[in-house]
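The following exercises are to be worked through with the sequence and the structure at hand. Each task is followed by a solution in steps.

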Amino acid sequence: MESSGGMYLNTAAVTSRVGVARLLQAVFGCTTFSLVAHQGGFNAAYGTFCMAVWCFCFAVTIFIITCEFTRLHNCLSISWGNFTAAFAMLATLMSITTAIIYPLNFVQISCHPIGCEKRDFRISASVFAGLLFFAYTTEVCLTRARPGQVSSYMATVSGLLKIVQAFVACVIFGALMNDSQYNRYVATQWCTAVYGICFVLTVVVVILNLTGKTATLKCPFERFIVIYTFVAVLMYMSAAVIWPVFCFDQKYGSPHRPYQCSKGKCSWDSQVVIAVFTYVNLVLYIADLAYSQHIRFVSHP
């Protein structure tokens with residue numbers, strides 16, 4: 001049998017700094033959901049969400065490691081660099097969310113009433129959830145495009161911000177669905193439309209990059225990004241003004257939290273969350289617009 005002249009397995013996929021970070025992600029992720037499933041326990045929507053995030057991130061990380069180690073990613077019809085950069089950023093956001101949610105809802109200092117063993121398992125799971133976040137953050141830092149470097153769009157600051165913008169929009173949608181009373185006024189319905197339109201366009205940009213279809217646009221991709229981001233900034237600026245006025249002004253809403261509001265089921269709380277994350281996303285879109293002025297898109301990195 002003749003030699004193929006090359007190695008089938010890519011050892012750098014597990015020995016490089018990025019490879020080591022991914023191996024740690026798999027180890028920390030597996031340890032976290034194993035501790036919770038074995039003895040730590042979880043319940044309700046918060047616990048189910050945390051378990052779903054840990055299992056999802058673990059599965060995708062194993063998939064990425066396997067594809068890179070066996071070079072199978074060359075057979076996939078996606079932009080691999082964009083995919084791994086986008087997932088690392090998404091996993092970072094999801095893992096820090098669970099690293100905050102799980103301890104707040106399931107960890108307690110005293111052993112009563114769950115018992116000391118279960119408490120210790122939950123504390124351990126929380127520690128590994130934090131380590132998982134740092135492992136994904138490390139990959140994002142290692143793979144982020146540097147000035148003058150030719151890299152995938154999703155590895156640039158602008159590309160990473162797209163993932164953060166979409167994630168923040170999902171938080172807003174969750175608050176909107178939690179009895180936010182967004183349909184009380186046409187003005188607040190407009191804000192809801194702003195969140196939806198900008199989210200859809202952001203997801204479209206991400207999908208175009210993941211599938212390598214940016215060349216199908218009628219105009220240059222970098223110009224499309226700048227125009228879309230500028231429009232998103234204007235739309236979010238309108239929402240940043242309208243939403244607080246129609247929710248917290250004495251004429252339309254309440255500037256103070258009603259006394260009868262119960263924890264977890266208060267429309268005023270949801271309105272506050274939406275207002276805060278509206279300003280967060282506005283800042284993200286402004287930063288995205290600033291960074292988009294300095295990037296040059298490469299179709300096939």
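**Exercise 1.** How many disulfides does the count come to?

*Solution.* The model is a predicted one.

Step 1. The criterion is a pair of cysteine sulfur atoms within 2.5 Å.

Step 2. The sulfur atoms of Cys111 and Cys116 are 1.8 Å apart, and these residues form a disulfide. Cys261 and Cys266 also form a disulfide, with their sulfur atoms 2.1 Å apart.

Step 3. The count therefore comes to two disulfides under the 2.5 Å criterion. With the bonded cysteines of the chain numbered in sequence order, the pairing reads 1-2, 3-4.

Step 4. Cys57 takes part in no disulfide, since the nearest cysteine sulfur, that of Cys55, is 9.5 Å away. For Cys67, the closest cysteine sulfur belongs to Cys75 and is 9.0 Å away, which is too far for a bond.

**Exercise 2.** Determine the handedness of each disulfide, and state whether its cysteines are buried or partly exposed.

*Solution.*

Step 1. The torsion about the S-S bond of Cys111 and Cys116 is about 100°, so this disulfide is right-handed. The link of Cys261 and Cys266, with 70° about its S-S bond, is right-handed.

Step 2. Cys111 lies in the loop between helix 4 (80–106) and helix 5. Its relative accessibility of 22% makes Cys111 partly exposed, and Cys116, at 39%, is partly exposed.

Step 3. Both Cys261 and Cys266 are buried.

**Exercise 3.** Classify the ring pair of Tyr153 and Phe221, and locate both residues.

*Solution.*

Step 1. The structure holds 20 aromatic pairs. In the pair of Tyr153 and Phe221, the ring centres are 5.3 Å apart and the planes stand at 90°, so the pair is edge-to-face.

Step 2. Tyr153 is in the loop between helix 5 (116–143) and helix 6 (157–177), while Phe221 is in helix 8 (residues 221–248). The pair links distant parts of the chain, 68 residues apart.

Step 3. At 4% relative accessibility, Tyr153 is buried; Phe221, at 4%, is buried.

**Exercise 4.** Describe the surroundings of Thr278.

*Solution.*

Step 1. Thr278 is placed in helix 9 (residues 267–292). It is buried, at 1% relative accessibility.

Step 2. Leaving aside residues up to four places away in sequence, Thr278 touches Ile172, Tyr195, Tyr236, Ala239 and Ala240.

Step 3. The side chains of Thr278 and Tyr195 are joined by a polar contact of 2.7 Å.

Step 4. Tyr195 and Tyr236 belong to one aromatic cluster, which includes Phe224, Tyr228 and Tyr285.

Note on methods. Residues numbered from 1 in each chain as written. Predicted model: local features only at pLDDT ≥ 70, side-chain atom pairs only at ≥ 80, totals over all residues. Heavy atoms only, no water. Helix = DSSP H or I, 4+ residues; strand = E, 2+ residues; numbered from the N terminus. Buried < 20%, exposed > 50% of the residue type's maximum accessible area, 1.4 Å probe, protein only. Polar contact = N/O pair within 3.5 Å; in protein donor to acceptor, adjacent residues only side chain to side chain. Contact = heavy atoms within 4.5 Å. Phe/Tyr/Trp six-rings, centres within 6.5 Å; stacked < 30°, edge-to-face > 60°.
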